[in-house]
Amino acid sequence: MITLRDVRNNEEVQALIEGTQRHLDVLGYTEHSIRHISIVSKRAADILKTFEYSEDRIELAKIAGYLHDIGNCVNRVDHAQSGALLAYRILKDMGMNHKDRTEIMMAIGNHDEKTGTAVSDISAALILADKSDVHRDRVVNKNISTFGIHDRVNYAVTKTNLELDNVNKKVILSINIDTDICPVLDYFEIFMDRTMMSKYAAKFLGVWFELVINNTKLL
């Protein structure tokens with residue numbers, strides 16, 4: 001079985017990740033490189049592990065999380081679909097069986113809130129992991145005076161925690177927002193679609209999604 005370690009050591013994957021960040025730096029987007037994809041990979045795996053999915057599914061979730069944003073190297077528009085096709089071809093070249101690489105392609109191709117939705121356990125875990133990574137560490141632009149709303153909201157988030165509760169069947173995203181930087185309402189202006197996508201992804205796994213901001217339960 002192809003593992004996350006194999007994927008991380010693949011030179012083509014490394015080049016696509018580096019190209020993705022160079023591309024998004026030019027466009028002024030937040031960080032989508034090693035930090036982000038490593039967090040998403042781990043969280044996706046933790047979600048499936050907590051809710052007692054098989055080791056094979058957990059490993060596929062790790063790989064999907066690590067590869068989910070490589071389509072940004074092609075273009076930000078439709079990056080989920082282009083990334084899914086790139087991942088499928090790379091994993092095929094690496095020798096992954098057709099069933100597993102199809103699962104990963106499906107998950108990556110459905111992780112963007114504009115065009116996707118949870119279609120499998122792996123895709124649901126990927127969505128929850130990806131949409132939960134909101135934090136000031138993702139802000140590449142260091143000039144606060146030039147912040148757009150995405151930079152401002154991410155920079156205002158000083159702490160993020162994804163709590164997984166198998167006893168009560170819950171996924172709880174807890175966020176601390178510095179309201180001196182931006183109001184909580186700004187978070188919902190750009191993240192409402194992602195929040196609803198996360199709620200549906202949790203439902204697909206048979207659990208509840210809760211959102212807590214500054215110790216107040218909002219969903």
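1. Sheet. In this predicted model, four strands form an open sheet. Their order is β1-β2-β3-β4. The pairing is mixed. β1 spans 157-165 and β4 spans 216-217. Both stand at the edges, each with a single partner strand, so one side of each lacks a neighbour in the sheet.

2. The β3-β4 pair. Strand β3 covers residues 208-213. Two bridges join β3 to β4, and the two strands run antiparallel. Which residue of β4 is the bridge partner of Val 212? That partner is Lys 217.

3. Helix over the sheet. Helix α9, residues 184-204, lies across β2 (170-177) and β3. α9 runs at about 160° to β3. Angles over 145 degrees count as roughly antiparallel.

4. Helix pair α4/α6. Helix α4 takes in residues 55-67, and helix α6 takes in residues 98-109. The two pack at an angle of about 50°. Their axes are 9 Å apart. α4 and α6 are therefore oblique to each other. Their crossing is right-handed.

5. Residues at the α4/α6 contact. On the α4 side are Arg 57, Leu 60, Ile 63, Ala 64 and Leu 67. In α6, they meet Asp 100, Glu 103, Ile 104, Ala 107 and Ile 108.

Definitions and conventions. Residues numbered from 1 in each chain as written. Predicted model: local features only at pLDDT ≥ 70, side-chain atom pairs only at ≥ 80, totals over all residues. Heavy atoms only, no water. Pairing = 2+ DSSP bridges. Contact = heavy atoms within 4.5 Å. Axes fitted to C-alpha atoms, helices over the stretch in contact; angles between N-to-C directions. Parallel < 35°, antiparallel > 145°, perpendicular 65-115°, else oblique. Left-handed = near helix turned anticlockwise from the far one by under 90°.
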